[in-house]
Amino acid sequence: MSRLSIIAYSVCGLFFSVSLAFSLFYGYKVITHDLPKEKKTVETYNYHFVLVPEELDNEYWKLVEKGAKDAAKKYGVFLEYTGPKQANIDDHVKTIEMSAASKVDGIMTQGLSDEQFTPLINRIVASGIPVVTVDTDAANSRRLTYIGTDNYYSGYLAGKALIADTFGEINVAIITGSFYANHMQQRVKGFENAVKSEKRINIITVQESEISRVKAAEKANQILQEHPEVNAFFGTSALDGIEIAHVVTKFHKQHQIYIIGFDTLPETLNFIREGTITATVVQEPYQMGYEAVKMMVDHIQGKKVPPIVHTETRILRKADLPVSTQSGKAEGN
Ligand code: BGC
């Protein structure tokens, strides 16, 4: 072999060895790249519950979900949060039925109406799955317990707040989430009874927003055009007051029209801060979710659970700020 061939062979050999080393090194890295350091432990749960809200992405229901999730974590529960994208009774009922069919350990939902929800809840309970009503009760059903606001009383408080905050003749328009739902009917009834004996207060109209921002705004617009005498609004569900405030501001009437809303969502608190909404009815959605899970666990573990747990409700005005947007207790959480 010539000297030249020896050099050529040596260079090729060296090149081959270096390439092989690189291939082995990076090949190993690629193969092992996504492997976890240790084998992942499979999470185990004691129970599987489902929470079916009226509307999945509604900020109010996200607070109920948050409470339920926190309790689920604490008690080893696998919590599913599923329901209509936009408030819709048929979808709501279907989701409950599907949850029952998949044999979960407990269902938490609203008791929206006696006609539709009472027989549904009774069927599910008879099949061995406990049901807790949250936010809205189907009081005549066989649900395990109701956790939520005393809805009649909360409406009554709103009526008394209107009396306390105003003077002279007041013509009120009510925008309610739904004519169909138990809790909305009770809030309106409580309000009507609270102002009944006050001669200077007249209820001009009651309209329905169908838990929709767009509808609430449409109704507020229509009311202001058809009833120029209206100088007060009561919005009975979380988004109604916010949309009434938007419309009233658009008409530049924020200094002439009194607004009382429901719930303490950030937008509502902002309107209270700037004075467009005078008062709102506080609910405790986080606590509703948390306690619902806890009571379901208690029941499954053989502990006694009270048939009704009313969460706190009260009136909040600008002077009461700051408050929490999560639980109504301390702002900024
Ligand atoms: C009610 C809920 C309702 C929500 C709608 C709340 O005031 O308690 O039942 O789904 O408003 O935005």
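**Entry 1: Val 247**

I started with Val 247, which lies in helix α8, residues 240-250. I kept in mind that this is a predicted model.

Is Val 247 buried or exposed? I found a relative accessible area of 5%. Buried means under 20%, so Val 247 counts as buried.

Next I asked which residues Val 247 touches, leaving out those up to four places away in sequence. I listed Ala 217, Ala 220, Asn 221 and Leu 224. I also checked Glu 218, which is 29 residues from Val 247 in sequence. In space, the two C-alpha atoms are 8.7 Å apart.

**Entry 2: Glu 198**

I moved to Glu 198. I found Glu 198 in the loop between α6 and β7, where β7 covers 201-208.

Its relative accessibility is 25%.

How far is Glu 198 from Ile 170, C-alpha to C-alpha? I read 10.0 Å, for residues 28 apart along the chain.

**Entry 3: helices α5 and α6**

I then looked at a helix pair. Helix α5 takes in residues 151-165, and helix α6 takes in residues 182-195. They pack at an angle of about 40°. Their axes are 6 Å apart. I noted the crossing as right-handed.

Which residues make the contact? From α5 I wrote down ten names: Asn 151, Tyr 152, Ser 154, Gly 155, Tyr 156, Ala 158, Gly 159, Lys 160, Leu 162 and Ile 163. From α6 I noted several, including His 183, Arg 187, Gly 190, Phe 191 and Ala 194. I sorted the contact residues by type and got eight nonpolar, eight polar and three charged.

**Entry 4: α5 by itself**

I checked the length of α5. It has 15 residues, and at 1.5 Å a residue they should span 21 Å. The end C-alpha atoms are 21 Å apart, so the two values agree.

I looked up burial in α5 too. Among the buried residues are Ser 154, Leu 157, Ala 158, Ala 161 and Leu 162.

**Entry 5: the whole chain**

Last, I stepped back to the protein chain. I noted 10 helices and 12 strands. The chain has 333 residues, and 49% of them count as buried.

The accessible surface comes to about 16700 Å². Carbon and sulfur atoms hold 57% of that surface.

How values were computed:
Residues are numbered from 1 along each chain as its sequence is written. This is a predicted model: local features need pLDDT of at least 70, side-chain atom pairs count only at pLDDT 80 or more; totals for chains, interfaces and linings use all residues. Side-chain values use heavy atoms; hydrogens and water are left out. Axes are lines fitted to C-alpha atoms, for helices over the stretch in contact, and angles run from 0 to 180 degrees between N-to-C directions. Helices (H or I, at least four residues) and strands (E, at least two) are DSSP runs, numbered from the N terminus. A crossing is left-handed if the near helix is turned anticlockwise from the far one by less than a right angle, and right-handed if clockwise. Contact means heavy atoms within 4.5 Å. Ala, Val, Leu, Ile, Met, Phe, Trp, Tyr, Cys and Pro count as nonpolar, Asp, Glu, Lys and Arg as charged, and the others, Gly among them, as polar. The expected span of a helix is 1.5 Å times one less than its number of residues. Buried means under 20% relative accessible area, exposed over 50%, partly exposed in between (1.4 Å probe, protein chains only). Accessible areas come from the Shrake-Rupley method with a 1.4 Å probe; for residues, only the protein chains shown count as cover.
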